[in-house]
Amino acid sequence: MNKRFIGLSDVTRLSLFSEHKGPAVLITTEERLDLFKASDLFNSPASINPFIQDWSIRKDKVVLSFEQAIKAFPNDPDALQLRLELNQSYPREQLLENFLDYGFERDDLPGFSIRGDTITLYFEEDESHHLRLEFFGDELDNIKYKDNDVKSFDINPLPDVELSDESWTAKLIEKLDGPLFLDAPELYYGEVSELESDQERLTWFWQHCRERQCVSFGRDELDLSEEKSPLTSLGYYRGKLKEFAEEAETWLKDGYSINLILRFERTGRYLQEKVIDHLNVAWGRYINHEAGTLRLIFEGNTRGGYKDDSKKQIVLTEDLLYAYQGTRSLKRLPGKKVSDATQLSIGDYLVHPESGIGRFLGLEPRTVLGVTRDYLILQYAGEGKIYLPIDQLPLLRRHPGTTDTPPRLSTLGTNEWARAKEKARASAQALALKLIKVYAERQIVEGESLGPVEGWYEQIDASFEFELTADQARAIDEVLADMEKPHPMDRLVSGDVGFGKTEVAIRAAHRAVGNQKQVALLVPTTVLAKQHYETLFERYKDMPVVVEMLSRFSSTKEVQSTLQGLKSGSVDIVIGTHKLLSDGIIFKDLGLLIIDEEHRFGVAQKERIKGFKANVDILSLSATPIPRTLYMSMVGLRDISQITTPPQGRKPIQTVLQPYNPNAIRDAVMFELERGGKAFYIHDRIGSMGSRAMILQTLIPEARIGVAHGQMSGAELEEVMVAFEDGAYDLLLSTTIIESGIDIGKANTLIVERADRLGLAQLYQLRGRVGRRQTEAWAYLLYPGKLTEQAQRRLYAIAELNDLGSGHLLAEKDMEIRGVGNLLGPEQHGQVNAVSLSVYTELLAEEIAKLKGEVVDKTPPAKIDISLDARISPTYIADDEARITFYGRISDTKSLAEIGRIRNELRANFGPIPEEVKNFVELAKLRILATQKGVSNINEHMTDIEITFHQDGVENLDYDAQGLKKLPQSIEVTSYPPGFSIKKRGIKQEELSKVLSDVLYLCG
């Protein structure tokens, strides 16, 4: 019996131990105990770590941790068991003393109570688990356990009761019969400390093993003969479930029995429905070697698998199928949440149109002529400072400078800022000429007009099962209108993930096919290509449209057939990755090129795209346009359609910034699993993917983990992604390969490890993998303790953009952080850095508009100077950051309705609104109204309030003269400057905003 077996899996060791005839003891470590609790599956149940409390009910098979095995134990454990039998005599006092020694307290739970001649023992805090003893004198007359009559009962000490006795000089292992099975003996050495007493116990243990029969499954200091086991360990399938199904089919045909031990019942259901549905499958609770049957057994937490050729038996575990891939209530995790991307932070660099670049130092209340307002403090070069009234916040622009790369502060009292603006304007003029030339060339290229086809559009509209959002409908109309024009289309459709950009592309493709043109849909990844192929195939299956795919998933035969079809014209729509850019692809008549996730393609690839055909319509789709693309749309050189309306029922994705914390990861995944969902875990390092999978499996044993990365073959990647979507996995450990277009139902939690290493657009795209349904989704961005400032700005930016439809804002944020880059050759970085991106963009847009002959509206916001206490006071909002946030939101608002919503939010979050805050909100509404009406200034004087318009003369003023006369105030029309003069007599200060609004509402 003294043998050593090396390299056996855990389930193989459990099998050899369980099938041993007679008593046996398996010794393992505390961490591995769970792997051997499934011995009852082999019809040989074992006691796990028994002690004196359950000594009398232990089973023949015993599994012990090493620490428990060498624990002190009584020499005569049977003497400590109290056996009660009917009709035997038990002196009352001695019996009660025994109960107290065993941990039972009188009149307590657990404990005992006495009612006359009846003693009732309660073994738990639940009174239902009780034993009733009825005596006649000292004679035990009746025993009832849980109200059932029994003839005898063994009482053991309660758990955690320490029984001190001088006779406890033995070790537990000495009192257990049978041979010893040593699991992982190499690990026993780590179970003891360096204390001399612990070393003595370890020495005693090995000496004890030499005196007994032993079977060792590892390396140790025992002199055992090393033998080969009759049970052959099976290799890991690493998630290749099709390979397992093929091998299982062969085994069953050869007359083998297969028992698959599952950790999760849902795994068995998935396998039976999707993988092994064609095999002879049965369910059971115990291992049953029935030839030709694959038996699914739930549940058992062990690992590995083995094959016994002599008996034609195979036993394997769920872990064997999934492991080693890649070589409860949610806690609100702490993190930075910001409500608006335009908020100011102390230290930001701001651009004033007249004073230039200054650094924001914070807010300060100042009282001028009896009126208290908050002022922005801007620091300039040297000791220069200006105090800007908060209501002039809309005049400011942000500069993307950071403390790492700060811009040069302007000097007050000089004209250097004016000179910098003029140099930037000259640069913008030169660049505008080049850009407008490119734009004009495209406008004059002869293209083909793809007009509507009678009855054709109705077919594709009928196959759409949802209702178009207003933005979707507008984008579709704009795209189809472009396709009808006689010059080539070049339109960008920008919209958040899941907002319906694909539907716009489908309608455009349908229009092209209806005009006998071919369509190419270019995507960045094979997985996205497959998803688009399935979507388009389903939509066009009842129409005379042929859809094919070119990617790694396509076989050589399929590729050749598709290429021939494109050349002959029999293929109408082709979806492909970079294969579409190969030289060997020839279209018969390409009419439309759709580029999905445009930002994922490099410069060389885009040049190849341009070379497809000069007069082809091009439709680009992107949730986060690259800075250059967005920039061109901002200055009017590229047509853009924005989809900012979320589908009905969509909720914002809750984004949390969190330092790396294993407990937080477990909490997040468990929350998702408990509500029946799935999760993504992004680890963007292929080399350590296998070790990360093992760490996650240890951290979250309740989850089935799949692995996906770019170095997997197309077939492997497809299998994992399909299996994850179908329910084979709960958690997908992946690189950023999933960032584009993957749409997995029920996946509503995303965890990104080392989010600080990823770009802003990447983070936004990754976050878009969740929250595509009506379930609230969570995204956790994890980072190490120390961040660079740029990484910090990226992470804060993504957290700020919680609102649905904020991808366009993110692209603008990306321009701030990264810069716009090189436009058509000439480097503009110096000019941009000198005056800021926003100012340079405005200058360039003005110059382009001039060259295009467009009228540039440069109407500035109205300036209002009236003596009114108007501010968001610190007594109302104590937190400076929160106050600045609301100032920023109110100043950026262009809508009176939005002002009303912000006012309601203030009331809900901070309570009743005080008078000075009401005044500030009313002033903000007045400024919006005045700007809309063409007002340049509103100034308060000693006796009147003057409203001045931008018009050249009073004769151009449009106002309701009769309406003005009906107002209770005295109002005069002024000729120079054109406007109105309102007499202050009888007007209270708090009524000023309302009076001015009443006058402006009567103006055209």
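**Close-up views of a predicted model**

Phenylalanine 886 is buried, at 5% relative accessibility. The model shown in these views is predicted.

**View 1. Serine 873 sits in a loop between a strand and a helix.** The strand is S42 (863-865), and the helix is H24 (880-892). Serine 873 has a relative accessible area of 1%, so this residue counts as buried. Its side chain makes a polar contact with the side chain of glutamate 916, at 3.0 Å. Setting aside neighbours within four places in sequence, serine 873 is in contact with Arg883, Glu916 and Val917.

**View 2. Phenylalanine 886 and phenylalanine 910 form an aromatic pair.** The whole structure holds 21 aromatic pairs. Phenylalanine 886 is buried, whereas phenylalanine 910 is partly exposed, with a relative accessible area of 31%.

**View 3. Five residues form one aromatic cluster.** They are Phe66, Tyr188, Tyr189, Phe205 and Trp206.

**View 4. The charged end of lysine 171 sits over the ring of tryptophan 204.** It lies 5.2 Å from the ring centre.

**View 5. Lysine 678 lies over the face of phenylalanine 724.** The distance to the ring centre is 5.4 Å.

Methods. Residues are numbered from 1 along each chain as its sequence is written. This is a predicted model: local features need pLDDT of at least 70, side-chain atom pairs count only at pLDDT 80 or more; totals for chains, interfaces and linings use all residues. Side-chain values use heavy atoms; hydrogens and water are left out. Helices (H or I, at least four residues) and strands (E, at least two) are DSSP runs, numbered from the N terminus. Buried means under 20% relative accessible area, exposed over 50%, partly exposed in between (1.4 Å probe, protein chains only). A polar contact is a pair of N or O atoms within 3.5 Å; within protein, one must be able to donate a hydrogen and the other to accept it, and residues adjacent in sequence count only if both atoms are side-chain atoms. Contact means heavy atoms within 4.5 Å. Rings of Phe, Tyr and Trp (its six-membered ring) pair if their centres lie within 6.5 Å; planes under 30 degrees apart count as stacked, over 60 as edge-to-face and the rest as tilted. A charge sits over a ring if NZ of Lys or CZ of Arg is within 6 Å of the ring centre and within 35 degrees of the ring normal.
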